[in-house]
Amino acid sequence: LQEMVTAWHYTRSAKLGLFASDSTEQGDPLAPTEDMSLKPCPPVTEPHDIWIKFLHERIEVAKYCSQDQIEMYCDLLQRTLEIQVGQPVAAMSRHVSAAGTRFRLLNCGMSLLQGDVLPKSLAKHVLRQRIYSCSLDFFCADKMYPVRSGPSLKDDVQVLLKFWSMMLSDKKYIKTQIVGDMESIVGDAGPVHPFPADVRSVSSEFARTPTGSHPPGGLANTWTNVVPLGPSTGTLN
């Protein structure tokens with residue numbers, strides 16, 4: 001499994017398959033000659049597509065037998081998915097033919113987030129943010145018509161619909177995780193004790209400023225406590 005993860009990261013660093021840079025040389029419809037062929041240049045994502053299907057099956061098995069493999073798959077997703085959206089040079093192909101492969105990988109990540117597979121931690125929050133950012137980054141490209149047709153196109157549409165349904169059902173998992181995190185924070189901080197009854201403000205703790213001039217016979221007994229309050233209130237005399 002470690003060798004497979006290493007090979008996956010090599011394809012990412014070498015810009016192969018799903019991670020290939022999108023080609024802008026697709027022909028110009030206003031070309032002066034007919035020698036230029038107008039055809040799309042989709043990336044070769046079929047190997048990654050088969051690879052991700054295998055990963056999805058292994059993740060479903062590892063949920064019930066190996067927490068170490070789950071951590072390795074999570075690390076693979078953390079290093080693969082970018083958290084930034086709309087970069088000029090995308091880390092993953094935004095071509096329409098790579099949509100099914102991209103969102104199939106995101107579905108693997110969503111299956112890890114939904115449930116008690118991963119413990120409540122900051123890494124789980126970051127993984128969810130990376131998945132959402134990667135899905136939004138796909139729509140930062142120009143409009144393109146589908147290149148595939150027939151069963152291939154239907155399969156891509158079904159993958160997109162599955163991600164949409166998982167994203168809608170993710171709301172209840174987010175609420176559960178937020179409530180659990182707040183309970184853990186309160187538990188670590190300990191019980192909150194109320195202020196004792198004898199704790200009250202002492203006038204000597206506040207700065208004092210005279211409000212009038214000295215009379216001929218001595219000091220005037222006109223002092224005020226200046227307390228910084230909100231803009232809608234004044235000072236307390």
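Contact here means heavy atoms within 4.5 Å. This is a predicted model: local features need pLDDT of at least 70, side-chain atom pairs count only at pLDDT 80 or more, and totals for chains, interfaces and linings use all residues. Residues are numbered from 1 along each chain as its sequence is written, and side-chain values use heavy atoms, with hydrogens and water left out.

**Overview**

The protein has 6 helices and 2 strands. Helices (H or I, at least four residues) and strands (E, at least two) are DSSP runs, numbered from the N terminus. Their order from the N terminus is α-α-α-α-α-α-β-β. Of the 237 residues, 31% are buried. Buried means under 20% relative accessible area, exposed over 50%, and partly exposed in between (1.4 Å probe, protein chains only). The protein exposes about 15900 Å², and carbon and sulfur atoms supply 60% of that area. Such areas come from the Shrake-Rupley method with a 1.4 Å probe. Among contacts with a separation of 6 or more, 72% join residues 24 or more positions apart.

**Helix pairs**

Axes are lines fitted to C-alpha atoms, for helices over the stretch in contact, and angles run from 0 to 180 degrees between N-to-C directions.

| Pair | Axis distance | Angle |
|---|---|---|
| Helix 1 (residues 2-13) and helix 3 (residues 67-80) | within 11 Å | roughly 5° |
| Helix 4 (residues 99-113) and helix 5 (residues 122-137) | 10 Å | about 155° |
| Helix 1 and helix 2 (residues 46-62) | within 13 Å | roughly 145° |

Start with helix 1 and helix 3. Their axes cross at roughly 5°, so the two are roughly parallel. Angles under 35 degrees count as roughly parallel, over 145 as roughly antiparallel, 65 to 115 as roughly perpendicular and the rest as oblique. Helix 1 brings Q2, M4, V5, W8, H9 and R12 to meet M72, Y73, L76, R79 and T80 of helix 3. These residues divide into 6 nonpolar, 3 polar and 2 charged. Ala, Val, Leu, Ile, Met, Phe, Trp, Tyr, Cys and Pro count as nonpolar, Asp, Glu, Lys and Arg as charged, and the others, Gly among them, as polar.

Helix 1 also meets helix 2, in a left-handed crossing. Here M4, A7, W8 and T11 of helix 1 touch H48, W51, I52, F54 and L55 of helix 2. That contact has 7 nonpolar, 2 polar and no charged residues. A crossing is left-handed if the near helix is turned anticlockwise from the far one by less than a right angle, and right-handed if clockwise.

Helix 4 and helix 5 pack at about 155°. That makes them roughly antiparallel. Their crossing is left-handed. Helix 4 supplies R102, F103, L106, G109, M110 and L113, while helix 5 supplies K124, L127, R128, I131, Y132, C134, S135 and D137. By class, this contact has 8 nonpolar, 2 polar and 4 charged residues.

K15 sits in the loop between helix 1 and helix 2. Its phi is near 60°, a positive value in a residue other than glycine. Most residues other than glycine have a negative phi. K15 has 34% relative accessibility, so K15 counts as partly exposed.

D49 lies in helix 2. Its relative accessibility is 10%, which means D49 is buried. D49 touches T101 and R104, not counting residues up to four places away in sequence. D49 and G100 are 51 residues apart in sequence, yet 8.1 Å apart in space, C-alpha to C-alpha.
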